[in-house]
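Dear colleague,

Please find the structure below, handed over for your own work. My notes on its pockets and on one group of strands follow.

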Amino acid sequence: MLLPSHFHREVNMSVVVANDIRKSFGPLEVLKGVSLNVEAGEVIALIGRSGSGKSTFLRCLNGLETVDSGLIQIAGHAMSRKPAALRELRRDVGIVFQSYNLFPHLTAGENIMLAPVQVKGETKVAARDEAQRCLSMVGLGDRFDAYPDMLSGGQQQRVAIARSLAMRPKVLLFDEVTSALDPELTGEVLAVIEDLARQGMTMLLVTHEMGFARRVADRTIFMKDGIIHEGGPSAEFFTNPRTPELQAFLRSEIG
Amino acid sequence: MRTFGSPEFFFIFYALRWTLTLTAIAFVGGGLVGIALAVMRISSSKALRVATSAYMQFVQGLPLLILMFICYYAPSLFGFEVSAIAAAAVALTINSSAFLGAIWESALRAIPKAQWESADALALHPFKVLRFVIAPQAIRLAMPSTVGFLVQIIKQTSIASIIGFVEITRAGQLVSNATFDPLKSFLAVAAFYFAVCFPLTQLSLWLESRAAKRGAHA
């Protein structure tokens with residue numbers, strides 16, 4: 001396949017390259033050709049109604065969903081179906097889920113230490129220090145020995161973020177990470193993400209928090225019916241939405 | 001004719017070690033095969049899933065007595081003589097493997113898919129996902145029913161008496177034949193079974209209530 005000339009240039013500069021991603025679940029086509037480049041240090045917000053394909057797209061980026069066609073390059077790895085290659089890719093691409101998915105039989109600290117020890121072969125001592133550092137980064141330095149069911153939802157989600165950080169990923173994916181939280185707990189999680197943005201972490205966030213997207217994301221992408229319907233720098237995106245569909249969506253979300 | 005006295009009582013008591021030996025073989029052997037079965041049942045290979053399912057359904061549909069007859073008599077068709085203990089051990093192992101496999105398969109399936117997914121996303125090798133994330137949770141879930149099934153195995157070893165293996169049920173029969181006092185003989189046998197099984201059923205109940213109280217971490 002002949003790629004447009006600008007594409008080659010962007011492959012080298014971008015941390016994430018997705019080109020013409022298509023994906024169907026049975027007869028339902030959920031991604032109908034999604035292309036997106038993300039530069040190092042960029043924060044991208046993905047918004048849209050449920051069923052628009054934004055979460056599926058995010059999950060394609062670390063191989064939790066396979067794609068039917070299209071090209072994905074992320075953190076220097078080409079997407080692969082080979083388990084070993086996929087594990088190499090996932091070492092550099094963290095994901096945080098809506099439902100935290102901490103391991104309930106391990107303490108907060110053990111949750112964070114598991115992958116560095118078992119995947120990277122770090123010593124327990126080094127991994128413990130790193131886990132402690134990551135917990136402190138998310139404001140939970142004193143909860144190392146707490147089991148997940150002793151923590152609030154917001155605290156669990158911050159541990160989940162710390163668990164991803166301990167692998168020192170090049171990209172972090174956030175899949176509606178505040179949607180399961182009570183409103184008074186979303187703030188503490190968003191503050192952690194905002195802190196990471198300031199430190200230059202490359203992040204893609206599927207979110208319903210419009211104010212947060214506007215404030216923190218460099219670019220916001222509006223997905224509708226499996227395609228990127230409109231996208232651009234967040235300030236412009238929210239102030240002057242061009243398409244009637246985005247205008248209607250923002251009206252319904254912001255009110 | 002003999003009367004039922006302490007020699008008879010101790011004859012049954014000494015046979016208890018064979019009941020326990022048979023139980024240990026069946027539990028350990030059946031457990032090892034059962035682990036393999038449970039893991040194959042949740043594997044991505046359809047051939048493995050179908051084959052293990054067929055094995056488990058076949059064994060579960062077969063009375064243990066018949067299985068024991070087959071293990072005892074079938075080898076002689078090919079010119080082999082097997083001892084009663086070997087036949088009983090193989091039959092009990094096969095039987096236990098199918099039931100323990102089913103118990104552990106359902107425990108593995110009870111762990112939410114999201115746990116597998118987030119472990120995968122951390123780049124853990126599938127073996128380590130099972131070892132460090134799924135199995136510890138599944139073992140806690142399966143513990144009460146596993147101990148419960150251990151009690152079943154202890155009682156099932158009595159079927160080995162049919163092929164002449166002298167564990168405590170067979171010992172009770174021998175004593176009963178010698179003393180013509182079946183009531184005392186089998187009451188003694190029953191007392192031994194109860195003495196071994198009762199603490200285990202209590203343990204099973206305790207594990208269950210602890211699991212209910214403490215939640216995922218124990």
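The largest pocket is lined by 23 residues, and B:Ser44, B:Trp116, B:Asp120, B:Pro126 and B:Val129 lie nearest its centre. A pocket is an open set of points on a 1 Å grid over the protein atoms alone, where a 1.4 Å probe fits, with protein on both sides within 12 Å along at least five of seven lines; lining residues have an atom within 4 Å of a point. Two or more lining residues come from each of α3 (83-91) of chain A and α5 (113-121) and α6 (126-156) of chain B; helices are DSSP runs of H or I with at least four residues, strands runs of E with at least two, numbered from the N terminus. The volume is about 710 Å³, taken as the space filled by probe spheres set on the points, which are joined across faces, edges and corners.

The model is predicted: local features need pLDDT of at least 70 and side-chain atom pairs pLDDT 80 or more, while totals for chains, interfaces and linings use all residues. Residues are numbered from 1 along each chain as its sequence is written, chains are lettered from A and ligands numbered from 1 in the order written, and side-chain values use heavy atoms, without hydrogens and water.

The second largest pocket, of about 350 Å³, has 14 lining residues, and α6(B) gives the most, with nine.

In chain A, β9 (residues 219-224) runs parallel to β3 (residues 43-47), joined by four bridges; pairing requires at least two DSSP bridges. A:Ile44 has A:Arg219 as its bridge partner.

Yours sincerely
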